[in-house]
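Reader: Hi, I'm new to this one. Can you put it up and walk me through it?
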Amino acid sequence: MQETKYIIPSELKSAAIGKCPRCRKGDMFVGPLLSFSSKKMRSSCPYCSLKFEKEPGYFYVAMYVSYVFVVAELVTACVGTYIITHNMESPWLYLTVAVLATIILAPFNYRYSRIVLMYWLTPAFKYRPERYADVKEGGGAA
Ligand SMILES: [Zn+2]
């Protein structure tokens, strides 16, 4: 049996930095992960050419993941606001916090809903170590 000479990146770390779910090498997004300016996503992985949108409308499912994120964030933001201010009179404070949290976290929700969908909700995009090995051997030592 051949010895493994490369370190396989962990699933959580690869997901956190937006790498392709199959090879964990190629970037899923064009711009930086939390940028407001560029939210462009690559159509396929630059390393293993995995097509990210596996079928038409695939990313609509990410809306449900995003919905879960937003609800969790809004509850956290509003409970946090209550703990800090003890405000029981004005609904405007909570409304302002909720709107701000939604806007500020939008890039995070957009990208990580897709990442969660591709990493943990799509069995077809399972990690294939041999893809990572191919890349490593093709690019160096041999
Ligand atoms: Zn890939």
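Predicted model: local features only at pLDDT ≥ 70, side-chain atom pairs only at ≥ 80, totals over all residues.

Reader: Okay. How many helices and strands does the chain have?
Author: Five helices and zero strands. From the N terminus on, the order is α-α-α-α-α.

Reader: How much of the chain counts as buried?
Author: 17% of the 142 residues. A residue needs 20 or more other C-beta atoms within 10 Å of its own to count as buried.

Reader: And contacts? What share comes from residues 24 or more positions apart?
Author: 56%, taken over the contacts in the chain with a separation of 6 or more.

Reader: Let's go to H2. How many residues has it, and how far does it reach?
Author: H2 covers residues 61-85, which is 25 residues. From first C-alpha to last, H2 reaches 37 Å. That is close to the 36 Å expected at 1.5 Å a residue.

Reader: Does H2 lie largely in the open or largely buried, and why?
Author: Largely in the open, because the number of buried residues among its 25 is two.

Reader: What follows H2?
Author: His86 does, with a positive phi near 55°.

Reader: Switching topic. Which residues does the UniProt annotation "transmembrane region" cover?
Author: Residues 58-85 and 91-110, according to the UniProt record, an unreviewed entry. The annotation may be inferred rather than shown by experiment.

Reader: What does the model have over residues 58-85?
Author: The chain there is 89% helix and 0% strand. The end C-alpha atoms are 42 Å apart.

Reader: And over residues 91-110?
Author: There the chain is 95% helix and 0% strand. Its end C-alpha atoms are 27 Å apart.

Reader: Back to phi. What about Arg24?
Author: Arg24 has a positive phi of about 60°, although it is not a glycine. Arg24 sits in the loop between helix H1, residues 11-16, and H2.

Reader: Is Arg24 buried or exposed?
Author: Buried, because Arg24 has 24 C-beta neighbours inside 10 Å.

Reader: What about Ser49, where does it lie?
Author: Ser49 is in the loop between H1 and H2. Ser49 is not a glycine, yet its phi is positive, about 50°.

Reader: Buried or exposed, and why?
Author: Ser49 is exposed, because it has 12 other C-beta atoms within 10 Å. The cut-off for exposed is 12 or fewer.

Conventions
Residues numbered from 1 in each chain as written. Helix = DSSP H or I, 4+ residues; strand = E, 2+ residues; numbered from the N terminus. Expected span 1.5 Å × (residues − 1). Contact = placed C-beta atoms within 7 Å.
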